[in-house]
Amino acid sequence: MARQLTDEQFVEILTSSQVRLRAFAITMVRPRADADDVLQNACMTLWKERAKYDADREFFPWACGVVLNHVLRYRKKKATDKLMFNDTLIRTLSTEYVEHADEYDLRRQLLHSCIAKLSNSDRGLLEERYSSNIKPKII
């Protein structure tokens, strides 16, 4: 029989996985606001389906499967968009992301560490370019 988590334990594991799950969603859904909506819907499903989670297994791959299902539903709604990847590619990206998630987390941590070493003005330039999406010519 599958080991169950308490609601508090489930919220803790879901919350601790939030950044990774968001990164996973963003790899397959653009724009980011849409990825956030997909993730929010997936989190609601994860909460509703929490009794089905077997705590003896890894949480992240299970949660990614739920997010992937929401990504695929989103894609069906947006099927008229000519810039959409096909479902086979999305499933491949999903599998690859889950398999390499620890490596991506390490890279993200190292990047944040490098950025923290920059001067305030240099960090500001990165912020303007990549977070605010301001074109280099304008910066």
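**A helical model and its nonpolar core**

The largest nonpolar core of this predicted model contains 30 residues. Within this core, Leu14, Leu21, Phe24, Leu46, Val67 and Val71 have the most contacts. A nonpolar core is a set of buried Ala, Val, Leu, Ile, Met, Phe, Trp, Tyr and Cys residues joined through side-chain atoms within 4.5 Å. Helices α1, α2, α3, α4 and α5 each supply at least two residues of this core. Its largest share, 10 residues, comes from α4. In soluble globular proteins, nonpolar side chains tend to be buried together.

The model is predicted: local features require pLDDT of at least 70, side-chain atom pairs count only at pLDDT 80 or more, and totals for chains, interfaces and linings use all residues. Residues are numbered from 1 along each chain as its sequence is written, and side-chain values use heavy atoms, with hydrogens and water left out.

The protein chain has six helices and zero strands. Both element types are DSSP runs numbered from the N terminus (helices: H or I, at least four residues; strands: E, at least two). The order from the N terminus is α-α-α-α-α-α. Along the principal axes, the C-alpha atoms fill a box of roughly 60 × 40 × 25 Å. Of the 139 residues in the protein chain, 27% are buried. Here buried means under 20% relative accessible area, exposed over 50%, and partly exposed in between (1.4 Å probe, protein chains only). The chain exposes about 10,000 Å², of which carbon and sulfur atoms supply 54%. Accessible areas come from the Shrake-Rupley method with a 1.4 Å probe; for residues, only the protein chains shown count as cover. Among contacts with a separation of 6 or more, 63% join residues 24 or more positions apart. A contact means heavy atoms within 4.5 Å.

Helix α4 spans residues 59-77. Its 19 residues should span 27 Å at 1.5 Å a residue, and its end C-alpha atoms are 28 Å apart, which agrees. The expected span is 1.5 Å times one less than the number of residues. The buried residues of α4 include Phe59, Phe60, Val66, Leu68 and Tyr74. The cover over the buried residues of α4 includes α1 (7-16), α2 (18-26), α3 (32-48) and α5. Val71 touches Met28, Val29, Val38 and Ile90, not counting residues up to four places away in sequence. His70 is also found in α4. His70 counts as buried because its relative accessibility is 11%.

The whole structure contains zero disulfides (pairs of cysteine sulfur atoms within 2.5 Å). Cys43 is in no disulfide; the nearest cysteine sulfur, that of Cys64, is 11 Å away. Cys64 is likewise in no disulfide. Cys43 is buried at 14% relative accessibility, and Cys64 is buried at 1%.

Nine salt bridges are found in the whole structure. A salt bridge is a side-chain nitrogen of Lys or Arg within 4 Å of a carboxyl oxygen of Asp or Glu. One of them joins Asp56 and Arg3 at 3.0 Å, N to O. Asp56 lies in the loop between α3 and α4 and Arg3 in the segment before α1, so the pair ties together parts that are 53 residues apart in sequence. Asp56 is exposed, at 53%. Arg3 is partly exposed, at 43%.

Helix α5 covers residues 87-116. In this helix, the side chains of Arg107 and Glu103 meet in a salt bridge of 2.7 Å, N to O. Because they are four residues apart in α5, Arg107 and Glu103 are separated by about one helical turn. Arg107 is exposed at 52% relative accessibility, and Glu103 is partly exposed at 35%. Asp105 forms a salt bridge with Arg108, with the closest N and O atoms 2.5 Å apart. Arg108 is partly exposed at 25%. Arg20, Asp102, Asp105 and Arg108 are linked in a network of salt bridges. Asp105 and Arg20 are 85 residues apart in sequence, yet their C-alpha atoms are 7.5 Å apart.
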